[in-house]
Amino acid sequence: MHRSYFPFVTMGWLILTLIMVGLSLYTDYSKLKKNLSNDAQFVYSSIYEKAYINEVLLQSFTVLVSSTPNDQKSIRSFANEMRKRYPHIERLQIQHQQKADGGNFGRAENFHIDPTQNDFNDRFPITFIEPLNPDTRYLLNKDLLADPVFTETIRFGRKYHQPVTSPPFLLDNNKIGYALFLAFFERNTAPSPDNLYIASLVINTEGMLPNTSFLSEHTSISLMDENGEILDQHLSASTTKLPAWLPSLAEHRTVNRFGQSFEITIVHKFGPKNINLGMLLILLSASLAVYFMLTAYLRQKVKAAVEHSSIYETLKNARQQLEIRIHTRTRELREQLIENRRLTHQILAVQERERRNLSRELHDELGQSLTAIRTDAKILKRIHPEENSLVNQTAESIDAIAQNIYDVTYGMMRALRPSALDDLGLVDAIQECIISNRFAEHGISLHNDYRGALNEMSEDYNITLFRLAQEAFSNIIKYAQARNVWLDIHRTSQGQRREICGDRLEIMISDDGCGFDIEKDAFKKGFGLIGMRERVRALGGFFQISKNHDRGTRIIAIIPLGAEVAANDPETATPDQEESAEPAH
């Protein structure tokens, strides 16, 4: 081997290094593209949800107005509540078809429209508006059919009685918005021009986009109408200016539902911050190591003395790199364990938050709808008071079914999120859980003992103890065939148990049932016991399941209060079953 080969080796190494760097950059580019696609899908889902909310709100508004068109107080109360709940709703309006009266306000000729057309023989003045204030009062009695911005929209809505969207227009606050119209007739009356109404929502497009705090630097979101006109645009804060030659990534989404059509575009400028510098450094380091080893091997062919030295140095470097990798891997595994515990805690928190939100949505949305159904049924019963009439009997059946649905929904809400946990505290929530499980009907006697300030703990500890008791009670009733159940919950700061001292919670749930093979089945079938264990571990506690003397099963959990550090430290993690449980009875 001659030294003249060294330039070719160097050239090959450079080419290989460039290929690896290119693959690394391509990986970063693909990852950024995937993240951008996820962001675009999130924005799409958010706008789609708001478009759906707009359509549902408009439908609910028309149902209320068609039932009681003259009850201005109820209509305004509903409209005010909806505006508070959904800030992107600028205002709610009602137009009532009327014969042309020859007035000067809002006439067709004021907008240079031929008033002799058949579509303008009638007027659609605004008879209701919310909010009603000095800034909007001028809109009352304004004929929107004569306004060229809304002419075609109202024509379509009046003809087909479907939700229809107006072109974008400038709001009073110089922001861009659009209106969503729906025509309807007054309920319980024959359809006629005299009882034709059009309800409308004026929507601020600036509120359609979600909070863009998740955007990375050099990213922009544009919300456009179906004609490509920009309705709203958000740009991320940028501290540096990138060169124009760097590539840009773009994701497009189209929302076209419920009469509302939008184009969404997210653009991100690929910059240095999107490059995984750590991976590049590793690739370059590995490439350099290979290059040096190769050159050492080549020099070995040139001179025997240098060969021995080169081999020795290579082995020494390899050993050092191996030790460094072992140390790095050990540290990474330790950090991963800590991260897994933290993620478990977050997952449980998200799960409880979703349960609470779902319970609230069931109460707010389904409860309101069921109330409206029952109200309509009672109105039918008052209109047809004869008990033997088909309408009266049908209305009675609808009312009973709606009440039954409400009862089932209320039971689901209690299972998802016990209201007593938020209103009365942990002890009352557990008592409610005990009552709902109906131990007496299953021939089970419950013995409970509560000690300490159990109603003065934070949300994490309350929900953890409640879910432990809930899951344990469910398992006992389903499988244990027990006659007695003992529930002990103590809060104490005296002494020490299982290497946990200071302010802590001690919970024990035991029964005298048939038991099961703990070593074989405890954490290998189902997710109930696993969920209990991970909830306790997420708070840095100790969890153990064992036999309760000769019969039954015993669960012990010890949780330090406020011990976030212990929850994240794998060295303080305690085993599940290694030590025997202490006698309870």
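E251 is buried in this predicted model, with a relative accessible area of 13%. That residue sits in strand β11, which covers residues 248–257, and its side chain makes a polar contact with the side chain of R253 at 3.1 Å.

**Around E251**

- Setting aside neighbours within four places in sequence, E251 is in contact with K33, L36, S37, A40, I264, T265 and I266.
- Among those partners, K33, L36, S37 and A40 fall within the range of helix α1, residues 6–67.
- I264, T265 and I266 are also partners of E251, and their numbers fall within strand β12, residues 260–269.
- E251 counts as buried because its 13% relative accessible area is under the 20% cut-off.

**The chain as a whole**

- The protein has 585 residues, and 40% of them count as buried.
- Its secondary structure comes to twelve helices and 19 strands.
- Among contacts with a separation of 6 or more, 66% are between residues 24 or more positions apart.
- The accessible surface comes to about 33,100 Å², and carbon and sulfur atoms account for 55% of it.

**Confidence**

- The average pLDDT of the protein is 79, and 85% of the residues score at least 70.
- Residues 102–120 have a pLDDT below 50, and this stretch has 36 contacts in the model beyond near neighbours in sequence.
- Residues 563–585 also have a pLDDT below 50; for this stretch the model has 58 contacts beyond near neighbours in sequence.

**Nonpolar cores**

- The largest nonpolar core has 39 residues, and I47, F61 and F262 are those with the most contacts inside it.
- Elements giving two or more residues to this core are the helices α1 (6–67) and α2 (72–85), together with β1 (89–96), β7, β8 (196–204), β9 (219–224), β11 and β12.
- Helix α1 gives the largest share of this core, at ten residues.
- F61, leaving out residues up to four places away in sequence, touches I75, F78, L92, Q93, I94, F128 and A199.

**Aromatic pairs**

- A search of the whole structure finds nine aromatic pairs.
- In one of these, the ring centres of F156 and Y160 are 4.6 Å apart and the planes meet at 40°, so the pair is tilted.
- F156 and Y160 are four residues apart in helix α3 (residues 151–160), which means that about one helical turn separates them.
- Both residues are partly exposed: F156 has a relative accessible area of 36%, and Y160 has one of 42%.
- The rings of Y178 and F262 have centres 5.5 Å apart and planes at 65°, so this pair is edge-to-face.
- Y178 in strand β7 (residues 176–185) and F262 in strand β12 (residues 260–269) are 84 residues apart, so the pair links distant parts of the chain.
- Y178 is buried at 3% relative accessibility, and F262 is buried at 2%.
- F262 brings two topics together, being a member of this edge-to-face pair and one of the residues with the most contacts inside the largest nonpolar core.

- G452 lies in the loop between β13 (445–451) and α9 (459–480).
- With 54% relative accessibility, G452 counts as exposed, because the cut-off for that class is over 50%.
- G452 and H490 are 38 residues apart in sequence, while their C-alpha atoms are 5.9 Å apart in space.
- I463 has its place in helix α9 and counts as buried, at 5% relative accessibility.

Notes: Residues are numbered from 1 along each chain as its sequence is written. This is a predicted model: local features need pLDDT of at least 70, side-chain atom pairs count only at pLDDT 80 or more; totals for chains, interfaces and linings use all residues. Side-chain values use heavy atoms; hydrogens and water are left out. Buried means under 20% relative accessible area, exposed over 50%, partly exposed in between (1.4 Å probe, protein chains only). A polar contact is a pair of N or O atoms within 3.5 Å; within protein, one must be able to donate a hydrogen and the other to accept it, and residues adjacent in sequence count only if both atoms are side-chain atoms. Contact means heavy atoms within 4.5 Å. Accessible areas come from the Shrake-Rupley method with a 1.4 Å probe; for residues, only the protein chains shown count as cover. Rings of Phe, Tyr and Trp (its six-membered ring) pair if their centres lie within 6.5 Å; planes under 30 degrees apart count as stacked, over 60 as edge-to-face and the rest as tilted. pLDDT is the predictor's confidence in each residue, from 0 to 100. A nonpolar core is a set of buried Ala, Val, Leu, Ile, Met, Phe, Trp, Tyr and Cys residues joined through side-chain atoms within 4.5 Å.
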